[in-house]
Amino acid sequence: MKRKISLSTTITLILLTMALTVSLTMLLAMRHFNDQLKMVGERQEMYTHVHDVDSVVREYYPNIDKTLLRQGIAKGYVEGLGDPYAVYYTPARFAAEKLRMSGKANNVGVILTLDADAQPIVSRVNKGSSAAKAGVQAGDRITAVDGEEIGGKTLAELQNLLNTAQKVRLTVQREKESYSYELSAFEYTVRSVTTSVIDTVGYVRVAAFYENTPDQFRSAISALQEKGVTGLVFDLRNNAGGSPEAVQSMLEYVMPLGPYGTMTDVAGNVTTLSISQGNQLGVPSVTLVNGTTSGEAEFFAAVLQNASLTTVVGQTTAGKAKYQQFFTLESDYSALKLTVGEYGLLNSETNWEGVGVTPEVTAELPPEQASMSGLLEPEDDQQVKVALQQISKSDMTLLENSSTSEPTEKPTEKETEKTTEKSTKKSTKKTTEKTTKKTTEKK
């Protein structure tokens with residue numbers, strides 16, 4: 001039997017619901033207010049501390065460089081976050097970083113390393129740069145900069161000097177001869193992707209993931225495919241990563257259709273990454289990594305490995321699965337690079353943050369090659385040799401599989417006739433036997 005609810009009861013229920021809703025709203029609002037109040041309190045405490053420091057310092061340092069002080073405060077604030085990937089960029093440094101991330105440079109084009117005797121030598125000369133046009137060569141030993149001997153300068157100091165100098169006189173030793181070059185900085189495009197063919201295998205060196213790297217990568221892969229390479233070696237050693245957009249674009253060119261990974265932001269929101277225009281390579285591949293392969297380079301290797309599209313060879317990678325974003329400060333156009341999320345693999349609860357991507361085949365450079373890794377030709381590189389062996393194994397597996405499923409030679413007409421006759425006789429004999437058996441069973 002149905003009971004009718006009185007008007008007064010209905011109104012009471014509505015009022016109770018409204019009261020409950022208001023109470024919950026107020027509770028949430030008060031919680032948010034308390035959180036904001038706590039944040040204001042923490043900020044006030046921090047600003048008071050900075051004010052105290054400022055008051056003491058100004059008593060003894062009346063002529064403070066305000067720009068340096070402001071930049072120092074910003075740098076210290078970011079360092080205080082405890083995030084090894086967070087960086088503060090001064091306006092000048094941010095301008096240079098934006099240029100670098102676009103795949104360009106404005107310097108003399110000399111990249112240094114240390115030789116077996118811990119002496120600075122040229123490991124690479126960027127194509128199109130002042131150094132390349134002047135004739136500086138990989139392997140040249142640096143002896144002087146602007147007429148001053150380099151004794152006492154660290155590799156980092158020398159590299160920074162060459163990266164920032166607008167004009168520099170570089171003196172080098174090549175075999176027994178000494179050469180001096182007047183170099184001027186200018187803007188040029190950096191080749192982050194270089195290739196060669198070793199026997200029938202395509203070797204692809206990816207030095208970084210810049211904004212223009214995907215175009216260079218696609219052109220390189222296309223050119224190698226036109227040459228009919230039987231395999232590909234992706235060399236990501238010493239690649240520190242770069243742009244999240246760049247690595248996603250490059251994966252579009254080597255992965256089949258469908259989802260392949262995730263990006264989880266700091267709030268826990270998960271974005272599934274998916275391939276919309278697949279272009280699977282169709283040949284076996286090996287990806288070379290080492291201890292300084294990091295960030296987007298690790299993501300590239302891990303995705304291909306997870307999809308069983310490559311064999312990872314080398315050493316365990318750096319272990320950086322987190323990705324960053326730049327935030328420009330409008331007050332002076334300086335910038336912050338802050339961690340905003342973390343990469344992940346499809347159907348995997350763990351990633352490589354702090355542990356690295358583990359290679360399926362471990363390979364290290366011998367000591368005599370490790371110190372000169374930047375000067376090695378691919379075909380002389382011991383790790384590359386191991387990668388080529390893995391390609392050969394993959395080729396052999398494919399050949400074995402194809403030989404068991406398809407004939408290697410076409411049969412002649414006579415062989416075809418004989419086979420047909422044998423098949424007909426066997427078929428007739430089997431049919432007769434089956435008919436006899438059936439007749440017997442019926443009887």
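In helix α8, the residues E296, A297, E298, F299, F300, A301, A302, V303 and L304 are buried, where buried means under 20% relative accessible area, exposed over 50% and partly exposed in between, with a 1.4 Å probe and protein chains only. The helix, which spans residues 296-306, is thus described as mostly covered, with nine of its 11 residues buried, and just after α8, S308 takes a positive phi of about 55°. Helices (H or I, at least four residues) and strands (E, at least two) are DSSP runs numbered from the N terminus.

This is a predicted model, in which local features need pLDDT of at least 70 and side-chain atom pairs count only at pLDDT 80 or more, while totals for chains, interfaces and linings use all residues. Residues are numbered from 1 along each chain as its sequence is written, and side-chain values use heavy atoms, with hydrogens and water left out.

The confidence of the predictor in each residue, pLDDT, runs from 0 to 100; the mean for the protein is 85, and 84% of its residues reach 70 or more. Over residues 402-443 pLDDT stays under 50, and the model has one contact beyond four places in sequence for them, a contact being heavy atoms within 4.5 Å. Where pLDDT is low, the predicted coordinates should not be read in detail.

Strand β16 also belongs to an open sheet of six strands, in the order β10-β11-β12-β15-β16-β19 and with mixed pairing. Its edge strands are β10 (193-198) and β19 (361-362), each of which pairs on one side only; two strands pair if DSSP finds at least two bridges between them. Within the sheet, β11 (residues 201-206) and β12 (residues 231-235) pair in the parallel sense over five bridges, and V204 has F234 in β12 as its bridge partner.

Elsewhere, S129 lies in the loop between β4 (120-125) and α4 (130-134). S129 is buried because its relative accessible area is 0%, and, leaving aside neighbours within four places in sequence, S129 is in contact with V108, G109, F186 and Y188.
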